[in-house]
Amino acid sequence: MRSVAIIIVAAAGLGLGAVASGSAGPDAPALRPEVPSIVAEGAEIYAAECAVCHGVNLEGQPDWRVRGPDGLLPAPPHDETGHTWHHDGETLFNLTKYGLGEMIGDPDYESAMPAFEDVLTDAEIVAVLSYIKSTWPADIRARHDAMAR
């Protein structure tokens with residue numbers, strides 16, 4: 001299955017910076033990259049649900065910024081070379097849970113990234129995002145943390 005980053009790339013490509021970079025609200029799920037048990041659970045879920053598209057090492061697909069013949073964007077990386085960390089935790093959570101179409105109010109928007117609302121629990125989504133965040137260098141994690149403040 002696909003993971004959150006394809007939606008994030010699509011959001012950036014559509015000029016949805018305002019949607020995808022807003023600060024986290026009071027009800028935003030807290031990512032927990034410092035909690036080993038959550039990170040371990042997230043790593044397992046990522047391997048089962050996300051790695052097939054986003055890569056075992058979070059490296060994404062080649063040419064992830066260029067739409068394919070099907071008009072869809074390839075899965076981007078979730079490591080520090082991608083832009084996942086440019087989006088606050090609430091945005092990452094909502095993109096993963098509901099999908100880009102829901103976020104932009106266009107249920108017909110086509111994306112290779114499925115919504116995981118009926119696949120993963122909220123806690124599982126937080127675990128996956130916590131795992132992803134745990135792999136980023138300290139300076140990038142700090143920059144991401146600053147978005148929540």
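A polar contact here is a pair of N or O atoms within 3.5 Å, where within protein one atom must be able to donate a hydrogen and the other to accept it, and where residues adjacent in sequence count only if both atoms are side-chain atoms. By that criterion, the side chain of Tyr 46 reaches the backbone oxygen of Gly 55 at 2.7 Å. The structure is a predicted model, in which local features need pLDDT of at least 70 and side-chain atom pairs count only at pLDDT 80 or more, while totals for chains, interfaces and linings use all residues. Residues are numbered from 1 along each chain as its sequence is written, and side-chain values use heavy atoms, with hydrogens and water left out.

**Overall architecture**

- The protein chain has eight helices and zero strands, where helices (H or I, at least four residues) and strands (E, at least two) are DSSP runs numbered from the N terminus.
- Read from the N terminus on, the elements of the protein chain follow the order α-α-α-α-α-α-α-α.
- Of the 149 residues in the protein chain, 45% are buried; buried means under 20% relative accessible area, exposed means over 50%, and partly exposed lies in between, with a 1.4 Å probe and protein chains only.
- Contact means heavy atoms within 4.5 Å, and among contacts in the protein chain between residues at least 6 apart in sequence, 70% join residues at least 24 apart.

**Packing of helix 3 against helix 7**

- The axes of helix 3 (residues 36–49) and helix 7 (residues 122–134) come within 7 Å and cross at roughly 100°; axes are lines fitted to C-alpha atoms, for helices over the stretch in contact, and angles run from 0 to 180 degrees between N-to-C directions.
- Helix 3 and helix 7 are therefore roughly perpendicular to each other, given that angles of 65 to 115 degrees count as roughly perpendicular, those under 35 as roughly parallel, those over 145 as roughly antiparallel and the rest as oblique.
- On the side of helix 3 the contact is made by Ile 38, Val 39, Glu 41, Gly 42, Ala 43, Ile 45 and Tyr 46, and on the side of helix 7 by Glu 124, Ala 127, Val 128, Ser 130, Tyr 131, Ile 132 and Ser 134.
- Sorted by class, the contact of helix 3 with helix 7 has nine nonpolar, three polar and two charged residues, with Ala, Val, Leu, Ile, Met, Phe, Trp, Tyr, Cys and Pro counted as nonpolar, Asp, Glu, Lys and Arg as charged, and the others, Gly among them, as polar.

**Surroundings of Tyr 46**

- Tyr 46 lies in helix 3 and counts as buried, at 1% relative accessibility.
- Leaving aside residues up to four places away in sequence, Tyr 46 touches Ala 51, His 54, Gly 55, Val 56, Leu 58, His 78, Val 128, Tyr 131 and Ile 132.
- Tyr 46 and Val 56 are ten residues apart in sequence, and their C-alpha atoms are 8.5 Å apart in space.

**Cysteines**

- The count comes to zero disulfides, a disulfide being a pair of cysteine sulfur atoms within 2.5 Å.
- The sulfur of Cys 50 is 8.8 Å from the closest cysteine sulfur, in Cys 53, which is too far for a bond.
- Cys 50 is buried, with a relative accessible area of 3%, and Cys 53 also counts as buried, at 10% relative accessibility.

**The loop between helix 4 and helix 5**

- Pro 62 lies in the loop between helix 4 (51–54) and helix 5 and is exposed, with a relative accessible area of 68%.
- The C-alpha atoms of Pro 62 and Pro 74 are separated by 7.5 Å, although these residues are twelve residues apart along the chain.
- Most residues other than glycine have a negative phi.
- Leu 58, which is not a glycine, has a positive phi of about 65°, and this loop residue counts as buried at 4% relative accessibility.
- Asp 63, also in this loop, has a positive phi near 50° and counts as exposed at 60% relative accessibility.
- His 87, in the loop between helix 4 and helix 5, counts as buried at 6% relative accessibility, and a polar contact of 3.2 Å joins its side chain to that of His 83.

**Helix 5 and its ends**

- Helix 5 (residues 89–98) is mostly covered, with seven of its ten residues buried, namely Gly 89, Thr 91, Leu 92, Phe 93, Leu 95, Thr 96 and Lys 97.
- Asp 88 caps the N-terminal end of helix 5, with a side-chain oxygen 2.9 Å from the backbone nitrogen of Glu 90.
- Gly 99, which follows helix 5, has a positive phi near 85°.
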